[in-house]
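This report describes the fold of a single predicted model. Please keep the sequence and the coordinates at hand while reading.

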Amino acid sequence: MNKRTDPDAKVARSIHVFARRDRQGKSQSVHGVVGAVVVFALWTTGFANAGQQPQKFSASFQAPRSDLARAEALASQLAALSPRVDWNEAKLLADCAYATVGQLRRQYRMFGTPIFNNFLIYHGLRKRGYCYQWSEDLLVALDALKLTSLELRWGESNPGNWRENNCLVVTAKGQPFRSGIMLDCWRHLGQLYFGPVASSWEPYVENSAFARDVRHIAAARNVSEHNHHVAFHSRTDASGKTRD
C-alpha cells in the first residue's frame with residue numbers, strides 16, 4: 001500500500017475496475033455482493049463495539065503454539081545469515097515477531113482479503129492494517145529487543161505508486177540489504193511470511209530514511225507519553241508523509 005501518495009489513488013483504481021464491470025451490465029450484481037460482504041464483515045467483527053478502545057499491545061517473546069515450528073524455521077534462517085549472528089538473538093527475534101503479529105492480527109481485526117481489508121480501513125471501518133502499518137508496528141516492537149548481531153531494515157517494492165508494498169528485512173549486522181530475510185504480514189492477511197528478499201517475485205529496495213522516521217516518531221511518542229498507558233494502535237506514522 002503506497003504510504004506517500006494520494007490515498008485516493010488505489011481506491012480510484014478499484015473503483016475503475018468496478019466501473020468497467022458496470023459497463024458490462026454487472027453493476028447491480030457487483031454492488032450487491034460488495035454490500036452484502038461489508039454487512040457480513042461488520043456483523044461478524046462486532047461493529048457495535050467500534051467506538052471502544054482496542055486492546056493494548058504488550059511486547060511478548062513467546063510465539064503462539066500454532067506458530068512454534070514456523071518461528072523455529074525463521075530463527076534458523078536468521079542464524080544462517082552469518083556465523084556472527086547470535087542464535088539466541090535469532091530465536092528471540094523470531095518468537096517476538098510471531099507473537100507481535102498474532103497480537104496485531106487480533107487488534108487489526110483482519111477480514112476477507114488484504115485488498116478488501118484496505119477497503120474497510122479507507123472507509124473508517126477499521127483503524128489500521130495497511131501494509132506499511134504492519135511493518136511500522138512490527139519494526140517498533142522488534143526494535144525494543146536491542147539486537148546487536150542482526151539489523152532491521154525497511155523494504156519496499158514499487159515505491160511511489162499504487163502497487164507499493166512494504167516489509168521488514170532482517171540482515172546480519174553490516175551485511176547488504178539484499179542478503180536479508182523479508183518479513184511480510186500484509187499479503188497473507190496477518191500471517192507472517194518470511195523468505196530471502198533476493199528471491200522475492202517483486203524487487204525490493206531499502207528505504208532507510210523511512211525506517212529512521214518511524215523510529216524517530218516512535219521514540220518521540222514514548223517520551224511524550226511517559227508513564228501513560230496508550231493503545232498500541234496510536235500512529236507511528238512518519239511526519240511529512242501522506243498516509244493512506
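The sections below treat the sheet, the helices packed on it, and the nonpolar cores.

The model is predicted, so local features are given only at pLDDT of at least 70 and side-chain atom pairs only at pLDDT 80 or more, while totals for chains, interfaces and linings use all residues. Residues are numbered from 1 along each chain as its sequence is written, and side-chain values use heavy atoms, with hydrogens and water left out.

**The sheet**

Helices (H or I, at least four residues) and strands (E, at least two) are DSSP runs numbered from the N terminus. Five strands form an open sheet in the order 4-3-2-1-5, with antiparallel pairing; two strands pair if DSSP finds at least two bridges between them. Strand 4 (193–196) and strand 5 (204–206) each have a single partner strand and stand at the edges, so one side of each lacks a neighbour in the sheet. From one strand to the next, the twist averages 35°.

| Strand pair | Bridges | Opposing residues |
| Strand 2 and strand 3 | 3 bridges | Valine 169 and methionine 182 |
| Strand 1 and strand 5 | 3 bridges | Serine 157 and tyrosine 204 |

Strand 2 is largely enclosed by the rest of the structure, because 8 of its 8 residues are buried; buried means under 20% relative accessible area, exposed over 50%, and partly exposed in between (1.4 Å probe, protein chains only). In a regular strand the side chains alternate between the two faces of the sheet. Both faces of strand 2 are covered, with Asn165, Cys167, Val169 and Thr171 buried on one side and Asn166, Leu168, Val170 and Ala172 buried on the other.

Alanine 198 lies in the loop between strand 4 and strand 5. Its relative accessibility is 44%, and it therefore counts as partly exposed. The C-alpha atoms of alanine 198 and methionine 182 are separated by 9.0 Å, although the two are 16 residues apart along the chain.

**Helices**

Helix 2 lies across strand 1, strand 2, strand 3 and strand 4, and runs at about 25° to strand 4. Helix 3 also lies across strand 1, strand 2, strand 3 and strand 4, at about 45° to strand 1. Axes are lines fitted to C-alpha atoms, for helices over the stretch in contact, and angles run from 0 to 180 degrees between N-to-C directions.

The axes of helix 2 and helix 3 come within 8 Å and cross at roughly 140°. Helix 2 is therefore oblique to helix 3; angles under 35 degrees count as roughly parallel, over 145 as roughly antiparallel, 65 to 115 as roughly perpendicular, and the rest as oblique. The contact (heavy atoms within 4.5 Å) includes Leu74 and Leu78 of helix 2 and Leu93 and Tyr98 of helix 3.

**Nonpolar cores**

A nonpolar core is a set of buried Ala, Val, Leu, Ile, Met, Phe, Trp, Tyr and Cys residues joined through side-chain atoms within 4.5 Å. The largest has 43 residues, of which Leu74, Leu93, Leu142 and Leu183 touch the most other members. Helix 3 gives the most to this core, with 9 residues. Leucine 74 touches Ala94, Tyr98, Ile181, Leu183, Leu192 and Phe194, not counting residues up to four places away in sequence. A second, separate core of 6 residues includes Cys167, Val169, Met182 and Val197.
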